[in-house]
Amino acid sequence: MATDSRVITVSQLNQYVKSLLEGDRNLASVSISGEISNFTNHYKSGHFYLSLKDDGAVVKAVMFRAYASRLRFQPENGMKVIVRARVSLYAKDGAFQIYIEEMQPDGVGALQVAYEQLKARLAAEGLFDESRKKPLPRYPGRVGVITSPTGAAVRDILNVTGRRFPLATILLAPVLVQGEGAPPQLMEALRYFNENQAADVIIIGRGGGSIEELWAFNDEGVARAVAASAIPVISAVGHETDFTICDFAADLRAPTPSAAAELAVPDTAELLLRLTQRHSAAVRSVRNTWEGAAGRLRNLQEKRCLATPLFYVEEQGMRLDYLTRAFAGAARVQLTGAKARLAQAGGKLDALSPLKVLSRGYAIGYQGEQVLKQAADARQGEELTLRYADGEVNCRVEKVKLKPRRKTAGRTETAADD
């Protein structure tokens with residue numbers, strides 16, 4: 001094989017191709033649309049590594065930290081974006097790739113994507129849960145206001161609170177409400193009110209504007225400071241249709257600064273009306289109670305027992321006499337009935353008494369202490385005692401004569417003497 005004087009190294013080839021690509025003005029700044037895949041956020045260096053693809057091709061891409069730090073949103077796999085990049089070659093491994101300098105979501109603004117991403121992440125943490133919300137004080141003595149000292153929002157808050165509840169003291173914490181310096185000032189004002197317990201309720205907000213102008217209230221640090229506040233916070237950012245992350249983190253969201261002032265303090269006129277109504281109700285209640293008591297007292301005064309107490313004593317004495325007589329009569333009736341029942345029972349017992357039988361000429365035979373119930377119980381030669389109604393007779397058994405037995409169907413019985 002012949003040696004060609006034009007033989008070059010791989011490094012020279014890659015450097016040559018790189019110079020061609022970078023020398024092409026058409027490739028120095030190209031806007032490319034595609035879908036992100038293989039996204040890697042290299043946290044140590046701060047660089048983003050990814051691929052952009054469409055239905056027919058894919059290209060590797062890198063976004064260095066200096067450019068990545070400017071993004072308002074977090075790139076994700078599957079996200080469609082438009083990038084501005086320069087085309088080049090990574091000479092070390094010959095990889096054709098693009099170097100991204102700007103990136104924005106395709107079809108949706110970068111700030112809107114960042115807003116939705118942060119909202120979803122904080123909601124998943126439970127930062128917006130209703131269980132975290134604190135109730136507002138009913139009668140705040142000090143209202144902390146965090147807003148611009150020159151904007152319309154502070155004037156609206158002062159006017160509304162002065163009209164509704166002039167007893168409240170307004171404490172203004174003047175801050176920037178837009179720009180990069182706004183979030184730190186907002187967080188510092190919240191920290192001041194909480195550490196010094198300088199307010200009973202806090203209003204934080206500003207007037208309306210674009211999403212860029214309201215962006216300080218979509219800052220993650222501000223949202224966390226609002227949620228962590230021990231003092232109840234009312235968020236009043238923008239107009240009624242504007243929603244910020246601060247609104248979700250606050251204890252209460254007001255559509256406007258004026259509405260926030262109305263929510264923060266009660267209406268003095270309404271309080272006076274309710275106080276008047278309750279005073280009238282209390283007076284009516286006392287009057288009704290007094291009139292009812294006076295009526296009952298008049299009724300008692302008209303009772304004879306109070307007008308003539310001796311009459312009451314005599315009346316009760318008569319009642320006692322009546323009850324005594326009634327009790328005695330009832331006792332006599334009960335006693336008479338009991339005596340009659342006792343006599344009846346005694347007669348029955350007397351009729352059944354063995355002594356009555358003996359008085360009619362009968363006798364009971366005893367052998368010792370044992371009653372002879374039948375002739376078969378006697379033994380010849382033994383002594384017996386015959387008890388009559390008027391005394392006893394001792395005798396000896398000479399002979400025991402039993403009645404002859406007679407047979408009946410299936411059994412033998414002792415026949416009775418004629």
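Guide: Start with strand β1, residues 30-42, where Asn38 is found. This is a predicted model, and every value here is computed from it. Asn38 is not a glycine, yet its phi is positive, about 55°. Its relative accessible area is 57%. The cut-off for exposed is over 50%, so Asn38 counts as exposed.

Gln197 also has a positive phi, about 45°, and is not a glycine. Its setting is a loop, with α5 (182-195) on one side and β8 (201-206) on the other. The relative accessible area of Gln197 is 60%. That value is over 50%, so Gln197 is exposed.

Now to the helices. Helix α9 spans residues 268-302, and Ala282 sits in it. Ala282 has 40% relative accessibility. Ala282 and Tyr90 are 192 residues apart along the chain. Their C-alpha atoms are separated by 88 Å.

Helix α11 covers residues 309-351 and includes Val313. Val313 is exposed, because its relative accessibility of 53% is over the 50% cut-off. Val313 also belongs to a nonpolar surface patch. Leu310 and Tyr312 are the other members. Together the three residues have about 310 Å² of accessible area.

Next, a strand pair. β13 (residues 383-387) runs antiparallel to β14 (residues 392-396). The pairing extends over 5 bridges.

Last, the cysteines. A disulfide is a covalent bond between the sulfur atoms of two cysteines. The rule used here asks for a pair of cysteine sulfur atoms within 2.5 Å. The count by that rule is 0 disulfides. Two cysteines can still be placed by their accessibility. Cys246 has 0% relative accessibility, which is under 20%, so Cys246 is buried. Cys395 has a relative accessible area of 28%. That lies between the 20% and 50% cut-offs, so Cys395 is partly exposed.

Note on methods: Residues numbered from 1 in each chain as written. Predicted model: local features only at pLDDT ≥ 70, side-chain atom pairs only at ≥ 80, totals over all residues. Heavy atoms only, no water. Buried < 20%, exposed > 50% of the residue type's maximum accessible area, 1.4 Å probe, protein only. Helix = DSSP H or I, 4+ residues; strand = E, 2+ residues; numbered from the N terminus. Patch = residues over 30% accessible without salt bridge, like charges linked within 9 Å, V, L, I, M, F, W, Y side chains within 5 Å. Areas by Shrake-Rupley, 256 points an atom, 1.4 Å probe, with all protein chains shown as cover. Salt bridge = Lys/Arg side-chain N within 4 Å of Asp/Glu carboxyl O. Pairing = 2+ DSSP bridges.
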